Amino acid sequence: MAITAHETLHIVLIRPTKYDCDGYPAQWTRTALPANSLSCLYGIADDCRTRQVLGPDVDIVLRAIDESSTRVRPQRIIEEIRRGGGHGLIAFTGVQSNQFPRAVDLARPFLQAGIPVCIGGFHVTGCMAMLDEMPAEMREAQAEGISFFLGEAEGGRLDAVLRDAYAGRLKPVYDHLKDLPSLPGQPLPMVDKQRVKKSALGYGSFDLGRGCPFECSFCCIINVQGRSSRYRSTEDLARIIEEHAKIGVNKFFVTDDNFARNRNWEAFLDAMIALREEHGQAFTLIIQVDTLCHKIPNFIDKCVRAGVDQVFVGLENINPDNLASSKKRQNKITDYREMFLAWKRHPVVVTAGYIIGFPNDTRESVMHDIDVIKRELAVDIFSLSVLTPLPGSEDHKNAVARGDWLDPDLNKYDLTTAVIHHPNFAEGELDATYREALQRYYTPDHCRTVLRRAAALGSDKKLMTVRRLLFYGLLVRLHNNYSLDTGLIRRRYRTDRRPGLPLESPVPFYVRHYFHMLRTLIIFNWEYFRLWRFIGKVWSDPKRFDYSDHAIAPAREAELEELDLFTKTRGGLQAVEKFKKIRQIKTAARQKAHADT
């Protein structure tokens, strides 16, 4: 009887990083969080393997690499594929605009070796969703032999890519832009223990829903994932948590862009509450929400019972004119104090996402706004970014249509660097303002204030708060990276420098690299020790509950005429008047309804 020899398709999933300001891949010993796009595609590819989409005589070997924490060595990967029979697919996953140049550079050795390469993610999908024609960088990549996957890969969409890769001929484009998949029952995100270990915070990640109903002009997610809510099932959720528990992962970042707008939020929270309270499963969650979530009955209380101990709020700005210019109409500054205090009634660490670089911003106005936030809002962690017309957003589409100057180097589209000419900032000034704003928020005095507030409110998240203060405040400044893209200790490899830049001599390169590493370790540990010593004093003080300030004091009617948030922001007074008028109308309507009954 003849024995049929099995062949193999090697699938290498790579989430590329970006280049740093010196042209080296931005890599870390440990990153902030694992990439959910990599976990999702790994789960989808593993499902293809289980279903034997290439037939029973073809094995599929999977490998996932997050370049932000693991060095990618193309020649070694090529040799492994050749030893395994020569069939391979290099799939660059979840590629953002600032990672696209690195992805293309990494692709070239594979293409030269005859191995098919495909790029998917927000950049290629967003560009094709919003622009009238394919941009130059994509056309150039396509001319080199790179294929593009547009849209989401669930629903069996990856099957055709694997068959074509096995045959050695990918299509130029796999277009699923107008065919968003339903999520219940689809393959679940999968992460291995090694990737979690390379996360400084020890988190896994998954999504429960995609899509957002709002129309923020700077957002590319709504044009890639759609504006109607799609969500997984509660059975999917239980399986995700159980599978992660098997590898010892019990902390999760839920990547839904706005969990509060997931139509199935209550069913998900009830399911997690049951897992925690009835089945004894211990896990915690980070979620992302909007500034209106506190108005949803039971939302915050159920979040806390479900294990949410960190929340990221899209605050974006405190000036109503800036919010209006970006179609962030749902954000009302008159809601901010009440919203933050609603979260701070619980032991939850609150991170506020904030954007600078709106058309009316100046250096002085940005610094003023930072001071207002520090004094009057119960924000723990401040995640700062520069307004960036990301490809796939309405802002980018409009800038292209107007013929505005946009920096041609996509590597700079990292949310920390100005890529347009701003009317109120000279060349380089907005970048400098970004760094100054971070330093202004994360002063030693204010870090201690954040911890005093936590102690006064009865929080037990003292060490978590310290770590987040150092991660978002100190490491971001030391490494000059956006908060979610940074890590603890930098890794640099001399020969991995961006093409076109000279290869540095070994001695100055390694002296500078190890000096930076040593300096980072010394500064980080010293600051950690100072804050650790401080929280020991504060949490042992029996009078810690007596502390109060404007930010954590209960909201009062009079503060609408007193606080700078309402009286000294652009459009603040008008926002207060509108708030009062709407409140009067609602009160009159309720009184009339009561009288009629």
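This briefing covers the overall build of the protein and then a set of individual residues.

The model is predicted: local features need pLDDT of at least 70, side-chain atom pairs count only at pLDDT 80 or more, and totals for chains, interfaces and linings use all residues. Residues are numbered from 1 along each chain as its sequence is written, and side-chain values use heavy atoms, with hydrogens and water left out. The protein has 597 residues, and 56% of them count as buried. Its secondary structure comprises 22 helices and 16 strands.

**Overall build**

- Helices (H or I, at least four residues) and strands (E, at least two) are DSSP runs, numbered from the N terminus.
- The radius of gyration is 25 Å, which agrees with the value near 25 Å for a compact globule of 597 residues. That radius is taken over C-alpha atoms, and the globule rule is 2.2 Å times the number of residues to the power 0.38.
- The C-alpha trace spans about 85 × 65 × 55 Å along the principal axes of the protein.
- Among contacts in the protein with a separation of 6 or more, 79% come from residues 24 or more positions apart. Contact means heavy atoms within 4.5 Å.

**Surface and charge**

- The accessible surface is about 25900 Å², and carbon and sulfur atoms hold 53% of that surface. Areas come from the Shrake-Rupley method with a 1.4 Å probe; for residues, only the protein chains shown count as cover.
- Buried means under 20% relative accessible area, exposed means over 50%, and partly exposed lies in between (1.4 Å probe, protein chains only).
- There are 82 positive and 75 negative side chains, and the centres of the two sets lie 4 Å apart. Lys and Arg count as positive, Asp and Glu as negative; His and the chain ends are not counted. Each charge is placed at NZ of Lys, CZ of Arg, CG of Asp or CD of Glu.

- Asn331 sits in the loop between α12 (320–325) and α13 (333–344). Its relative accessibility is 4%, so Asn331 counts as buried.
- The side chain of Asn331 reaches the backbone oxygen of Gly314 at 3.0 Å. A polar contact is a pair of N or O atoms within 3.5 Å; within protein, one must be able to donate a hydrogen and the other to accept it, and residues adjacent in sequence count only if both atoms are side-chain atoms.
- Leaving out residues up to four places away in sequence, Asn331 touches Thr291, Gly314, Leu315, Glu316, Leu323 and Tyr336.
- Glu316, one of those partners, belongs to strand β13 (residues 308–316).
- Glu316 has a positive phi of about 70°, although it is not a glycine. Glu316 is buried, at 11% relative accessible area.

**Other buried sites**

- Ser39 lies in helix α1 (residues 36–51). With a relative accessible area of 1%, Ser39 is buried.
- Beyond its neighbours within four places in sequence, Ser39 contacts Leu188, Pro189, Met190, Val191, Arg195 and Ser205.
- Leu377 is in the loop between α14 (363–376) and β15 (381–386). Leu377 is buried, with 1% relative accessible area.
- Not counting residues up to four places away, the contacts of Leu377 include Leu315, Ile318, Tyr336, Phe340, Arg453, Ala551 and Leu565.
- Tyr336 is a contact of Leu377 and also of Asn331. Leu315 likewise touches Leu377 and Asn331.

**Exposed and partly exposed sites**

- Gly500 is in the loop between β16 (490–491) and α19 (506–539). At 80% relative accessibility, Gly500 is exposed.
- Gly500 and Ala437 are 63 residues apart in sequence and 33 Å apart, C-alpha to C-alpha.
- Lys592 falls in helix α22 (residues 572–596). Its relative accessibility of 53% makes Lys592 exposed.
- Lys592 and Leu285 are 307 residues apart along the chain, and their C-alpha atoms are separated by 43 Å.
- Ala432 is in helix α16. At 33% relative accessibility, Ala432 counts as partly exposed.
- Ala432 and Thr416 are 16 residues apart in sequence and 9.8 Å apart, C-alpha to C-alpha.

**A further positive phi**

- Leu415 has a positive phi of about 75° although it is not a glycine.
- Leu415 is in the loop between α15 (394–402) and α16 (429–441).
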